[in-house]
Amino acid sequence: MAYMHVVSQSDEKLHLARSPGIRAWSTFVGILAVGVSMMVYSGDNAVWKIFCLVCCLFVSVCSLDDWEECILDKNKGEVVLKKFSLVEKMLKPNDSQRLVQASLEEISGVEVEQEDIRFFGRGKCVLLNFISGFSLPITEKCTLGSGKEHIAIADTIGNFLELEIQKKSKDPTKRNGDGSASVSSSSASEADCEESSDEEGIEPIRLAKR
């Protein structure tokens, strides 16, 4: 499944969205086709055919990913995260759409986080870091892949909020008394970590306020 894409962007508003991908829709059609074929070609009675069709329909709907949105509005000074699930809508039709609201002024940085997914590898998601110390992912589920889409979304949010890359360490070179430059061991270890991250196909990104 692809990560979020930019729906619209202006100087005052950034709208990101995510919807089920081709894989999810293919699974949905495949499971539903099994139920339809059982109803058409099965020699069982009508009640059993309808039951099988309803079960396949429910399973196919459960296989769909959620619709998610992230709206950053400078005029309102808030970020809104919305989520729509077709399964929840079927089971709880009277419930309102799930959303999370937070202040844009409280956002201190944006970063791409990696999370281990059992049997599948590493998934990635974009986090909004707040001054109070907590982090808020713009999507509830992480996605697999090289991480290029995640970095692009993090850069888009960072540019919109006018964030810059946070330098976690000072100049790694130190001047000795004779004027020569030396690199500290801690800086060397940080360079090794960055090199290992590059080998995994994603550069660690962290954006902070200017």
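Predicted model: local features only at pLDDT ≥ 70, side-chain atom pairs only at ≥ 80, totals over all residues.

I began with W25 and F28, which sit three residues apart in helix 1 (residues 22-41), so about one helical turn separates them. Helices here are DSSP runs of H or I with at least four residues, strands are runs of E with at least two, and both are numbered from the N terminus. Residues are numbered from 1 along each chain as its sequence is written, and side-chain values use heavy atoms, with hydrogens and water left out.

My rule for a pair: ring centres of Phe, Tyr and Trp (its six-membered ring) within 6.5 Å, with planes under 30 degrees apart called stacked, over 60 edge-to-face and the rest tilted.

Is F28 buried or exposed? F28 is buried, with a relative accessible area of 15%, while W25 is partly exposed at 38%. For these words I use under 20% relative accessible area for buried, over 50% for exposed and partly exposed in between (1.4 Å probe, protein chains only).

W67 is partly exposed, at 26% relative accessibility. Ring pairs link W25, F28, W67 and F84 into a cluster. I searched the whole structure too, and five aromatic pairs turned up.

I call two strands paired if DSSP finds at least two bridges between them. The bridge partner of W67 is F84 in strand 4. Strands 3 and 4 form a hairpin with four residues between them, and G77 in the turn has a positive phi of about 70°.

Strand 4 pairs with strand 5 (residues 98-103) as well, antiparallel, over six bridges. There, K82 has L99 of strand 5 as its bridge partner.

**Entry: strands 1 and 2**

Next I looked at the start of the chain. Strand 1 (residues 5-9) and strand 2 run antiparallel and are joined by four bridges, with a hairpin of three residues between them. S8 is bridged to H15 of strand 2. Strand 2 pairs antiparallel with strand 3 over six bridges, where the partner of H15 is I71. Why is strand 2 largely enclosed by the rest of the structure? Five of its six residues are buried, so the strand has the rest of the structure around it.

**Entry: the cores**

Which residues touch the most other members of the largest nonpolar core? They are L72, V79, V126, I138 and I157, out of 28 residues. Strand 2 (13-18), strand 3, strand 4, strand 6 (107-117), strand 7 (121-130) and helix 4 (148-160) each supply at least two residues of this core. A second, separate core has five residues, among them A24, F28, V61 and L64. A core here is a set of buried Ala, Val, Leu, Ile, Met, Phe, Trp, Tyr and Cys residues joined through side-chain atoms within 4.5 Å.

I then listed the contacts of V79 (heavy atoms within 4.5 Å). Leaving aside neighbours within four places in sequence, they include C70, L72, V100, I107 and L128.

**Entry: cysteines**

How many disulfides does the structure hold? I found zero, counting a pair of cysteine sulfur atoms within 2.5 Å as a disulfide. The sulfur of C55 has its closest cysteine sulfur in C52, at 6.6 Å, too far for a bond. C55 is partly exposed at 32% relative accessibility, whereas C70 is buried at 0%.

C142 sits in the loop between strand 8 (135-137) and helix 4. Beyond its neighbours within four places in sequence, C142 contacts R18, E115, I117, G123, K124 and C125.

**Entry: the whole chain**

To finish, I noted that the protein chain has five helices and twelve strands. Of its 210 residues, 32% count as buried.
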